[in-house]
Amino acid sequence: MPIATDPLSRIFFALADPTRRAMLDRLAAGAATVGELAEPFAMSRPAVSQHLGVLEHAGLIERTRQGQWRSCTLRPEGLDDAEQWVTEHRAAWQSRFDRLDATLAALVGDPATATATDARNQADTSVGEQEEE
C-alpha cells in the first residue's frame with residue numbers, strides 16, 4: 001500500500017478507504033481497543049493493524065499500549081489541514097458555480113436574470129444619454 005509523503009495527502013489517503021472511515025466513526029464515540037475496532041470487519045488482525053497504521057501516520061488517531069491492551073483514540077485536530085484546504089477551495093468553487101449559473105441563466109433566458117440585465121443596460125443607457133446632453 002503506497003503511503004503519501006505530505007501531511008494533506010496522508011489525511012486524504014487515510015480517509016479514502018471506507019474501512020478506515022468506519023473505524024474513525026467508531027472512535028468518535030470514544031476510545032476503543034484494537035479488538036473492538038476489528039470486530040465488525042471480516043479481516044485479519046494484521047490487516048486491521050495496517051489500517052490503524054495508516055490512520056496513525058496521518059495523525060487521525062493515537063495508539064497507546066497498557067499492558068497487553070492496545071487502545072486507539074481519535075485525534076480530531078488531525079483533520080485541521082484537510083478542513084482548511086476544503087474551506088479555501090470551497091469559496092473558489094462556489095464562485096465558479098455562481099458564475100456558471102449566471103451564464104446558463106442568461107443563455108436560457110431566465111426572466112429574473114434578463115430583468116436584472118435589462119435594468120443594468122437601461123441604467124447604462126440613461127447615463128450615456130445624460131452625458132451627451
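Alanine 32 stands opposite cysteine 72 in S3. This is a predicted model, in which local features need pLDDT of at least 70 and side-chain atom pairs count only at pLDDT 80 or more, while totals for chains, interfaces and linings use all residues. Residues are numbered from 1 along each chain as its sequence is written, and side-chain values use heavy atoms, leaving out hydrogens and water.

**Exercise 1.** Find how many helices and strands the chain has, and in which pattern they follow each other.

*Solution.* Start with the terms: helices (H or I, at least four residues) and strands (E, at least two) are DSSP runs, numbered from the N terminus. Counting them gives six helices and three strands.

**Exercise 2.** Work out which strands are joined to S3, and by how many bridges.

*Solution.* Two strands pair if DSSP finds at least two bridges between them. Take S1 (residues 32-33) to begin with: two bridges join S1 to S3 (residues 69-74), and these strands run antiparallel. Then turn to S2 (residues 61-66), which six bridges join to S3, also antiparallel. In this pairing, arginine 65 faces arginine 70 of S3. Finally, look at the turn: S2 and S3 make a hairpin with two residues between them, and glycine 67 there has a positive phi of about 65 degrees.

**Exercise 3.** Describe the span of helix H5 and how H5 is placed against H1.

*Solution.* H5 (residues 80-108) has 29 residues. The expected span of a helix is 1.5 Å times one less than its number of residues. Just past its end, glycine 109 takes a positive phi of about 75 degrees.

Now bring in H1 (residues 7-15): the axes of H1 and H5 come within 9 Å and cross at roughly 95 degrees (lines fitted to C-alpha atoms over the stretch in contact, with angles from 0 to 180 degrees between N-to-C directions). H1 and H5 are therefore roughly perpendicular (65 to 115 degrees). Pro7, Leu8, Ile11 and Phe12 of H1 meet Asp81, Ala82, Trp85 and Val86 of H5 in this contact (heavy atoms within 4.5 Å).

**Exercise 4.** Decide whether threonine 19 is buried or exposed, and name what it touches.

*Solution.* Locate threonine 19 in helix H2 (residues 18-27). Its relative accessible area is 15%, and buried means under 20%, exposed over 50%, partly exposed in between (1.4 Å probe, protein chains only). Threonine 19 is therefore buried. Leaving aside residues up to four places away in sequence, threonine 19 touches Phe41, Met43 and His51.

Methods: Angles under 35 degrees count as roughly parallel, over 145 as roughly antiparallel, 65 to 115 as roughly perpendicular and the rest as oblique.
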